[in-house]
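This report is meant for a reader who is meeting the structure for the first time. Please look over the sequence and the model below before reading on.

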Amino acid sequence: MDRFSGNFDRFSDLFNPYDSNPTNANHAIGDFTKCTRKPLVMGSTVLGLEYQDGVMIAADTLGSWGQLARYRNESRIYPVGNFTVLGAAGDMSDFQHTKHMLDSLMIKEYYTNDDHVLSTPHIYEYLSRVLYHRRSKLDPLWNTYVVGGYNNGERFLGYVDLLGTTYQSSIVATGLGAYFAQPILRNAVEGREGILTEAEAIEILNTCMKILFYRECKTLNRIQRAKVTADGVEISEPYALPTEWSFGEGIRGFGTQTQ
Amino acid sequence: MEVGLKPGEISLGTTLIAVAFDGGVVVGADSRTSMGGSYTVNRVTDKLTYVSDRIYCCRSGSAADTQAVASIVTYYLQLYAIQHEEEPPVRVAASLFQELCYKNKDALSAGIICAGWDKHDGGSVFGIPMGGSMHKLPYATAGSGSTYIYGYCDTSFRQNMTKEETIEFVKTGVALAIGRDGSSGGCIRLAVITKDGVQRHFIPGDQVPALGVI
């Protein structure tokens, strides 16, 4: 135990270079300037699906601070170029860093002046390499991303998270959405991507976001939707979903009460 | 994570308010029961629990612990009513809550507000926080959501409000807390307890004002 009061903000006795747990064997452990310790302002679930015209993703506009609904007008959907859209869950500061990083990337690519624009699979690959690299340094960007896009007639929808885990699917859901929304999305979308209309896609996403609003604590009934089609990226204004509560009016007590 | 809850235990995250006025009390609560801070187990919970005809308790903390304690107090108040041939006073109910919460302080995670009307003292509100102390107050708040409305309550509460003003105060307080606390949500339940009875009010989730959301 380090009793020197000058080191009160150093957790140096956490570091054991021979610890079999690699997160404790990292020399940067305890140094919050070198090692991400924990996420703070957090976004909850992001959902994505493929439909006939392209891809669509949805997320609420809440940045939580633990249990506190701190930032209630926080857009978690971001366009990258003209044909890709990024939905972020997890730490919002890391998301902001990622936004800057991808903007820089797109600008740099533009200035090579070769008429090539990074398409969604390229952006996805780049992002997943960055995330895996950061996790390998035990300093992750604490996010789960849904990357969606539409390039030259091809739809793209992928998932990449703080560990660098990647997969592509016609339906994607982060966090608790994987438990609540994914089964509904699978049922409604899988096998029908090419014939699902925009109206149906909106209906499915709204249903899933409503269930997540009911059952996930750190959510807000203020949803944003984004679609990517041949016409480019379109991000909707935030809107609220209609919800059902009237059945709760007659409930009394927890089971033993008759009054 | 909630202090005092065992892993996986279900919590009444909660916002509770109880206010005394001339002639009775207004008690109000949200309707969310959560688990692990992330999953809403019950979105239409009734946290305003009957303990006797003119005494209700508002429960926060562990759902299991508060249900058990409320059931025991209800039992003892039924016994009191028979033995004394009168309705139990609120201070007796609050005292019973205190005894249970204090004697079992190491095992319980319970933040309770006991409020009601009796013919001796009119409307009374007692806060019994974790630890088992008892505090007779003009109004009490409890639950995780209450931290977000200390400022609102400090500036908006006035003594000698009318019944209607009290109802508005409670409704607005719960709405503000629901807007900020992840562990509170759903609908607003109110109960107005006077000598004439208990009048329940219900504001469904989609009609709870979204205050301050730009």
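The model shown here is predicted.

Two packed helices are described by the angle between their axes and the distance between the axes. Helix α4 of chain A, residues 182-189, and helix α5 of chain A, residues 198-215, have axes 10 Å apart and pack at an angle of about 165°. Because angles over 145 degrees count as roughly antiparallel, α4(A) is described as roughly antiparallel to α5(A). The crossing in which α4(A) passes α5(A) is right-handed.

## Helices α1 and α2 of chain A

Another pair in chain A consists of helix α1, residues 92-110, and helix α2, residues 120-136, whose axes come within 12 Å and cross at roughly 130°. With that angle, α1(A) and α2(A) are therefore oblique to each other, and their crossing is right-handed.

On the side of α1(A), the contact is made by His97(A), Thr98(A), Met101(A), Leu102(A), Leu105(A) and Met106(A), while α2(A) contributes Ile123(A), Tyr126(A), Leu127(A), Val130(A) and Arg134(A). The residues of this contact of α1(A) with α2(A) divide into eight nonpolar, two polar and one charged.

## Helices α1 and α2 of chain B

Chain B has a helix pair of its own to consider, in which helix α1, residues 63-84, packs with helix α2, residues 90-103, at an angle of about 135°, the axes being 10 Å apart. That angle makes α1(B) oblique to α2(B), and α1(B) passes α2(B) in a right-handed crossing.

From α1(B), the residues that make the contact are Val69(B), Ala70(B), Ile72(B), Val73(B), Tyr76(B), Leu77(B) and Tyr80(B), and from α2(B) they are Val92(B), Ala93(B), Leu96(B), Phe97(B) and Leu100(B). By class, the contact of α1(B) with α2(B) holds twelve nonpolar residues, with no polar and no charged ones.

## Where the two chains meet

Between chain B and chain A, 36 residues of chain B are in contact with 30 residues of chain A. The two chains bury about 2900 Å² between them, and 51% of that area lies on carbon and sulfur atoms. Of the area that chain B buries against chain A, 23% is supplied by Arg43(B), Arg180(B) and Phe202(B), which is more than any other three residues supply.

## Salt bridges

Side chains of opposite charge can pair when their charged atoms come close. Over all chains the structure holds 15 salt bridges, whereas the count between chain B and chain A is zero.

One salt bridge joins the side chains of Arg155(A) and Glu50(A), with 3.1 Å from N to O. This pair links distant parts of the chain, since Arg155(A) lies in strand β9 of chain A (residues 154-161) and Glu50(A) lies in strand β2 of chain A (residues 46-51), with the two residues 105 residues apart.

Note on methods. Residues are numbered from 1 along each chain as its sequence is written. Chains are lettered from A and ligands numbered from 1 in the order in which they are written. This is a predicted model: local features need pLDDT of at least 70, side-chain atom pairs count only at pLDDT 80 or more; totals for chains, interfaces and linings use all residues. Side-chain values use heavy atoms; hydrogens and water are left out. Axes are lines fitted to C-alpha atoms, for helices over the stretch in contact, and angles run from 0 to 180 degrees between N-to-C directions. Helices (H or I, at least four residues) and strands (E, at least two) are DSSP runs, numbered from the N terminus. Angles under 35 degrees count as roughly parallel, over 145 as roughly antiparallel, 65 to 115 as roughly perpendicular and the rest as oblique. A crossing is left-handed if the near helix is turned anticlockwise from the far one by less than a right angle, and right-handed if clockwise. Contact means heavy atoms within 4.5 Å. Buried area is the accessible area (1.4 Å probe) that two parts lose on being put together, summed over both. A salt bridge is a side-chain nitrogen of Lys or Arg within 4 Å of a carboxyl oxygen of Asp or Glu. Ala, Val, Leu, Ile, Met, Phe, Trp, Tyr, Cys and Pro count as nonpolar, Asp, Glu, Lys and Arg as charged, and the others, Gly among them, as polar.
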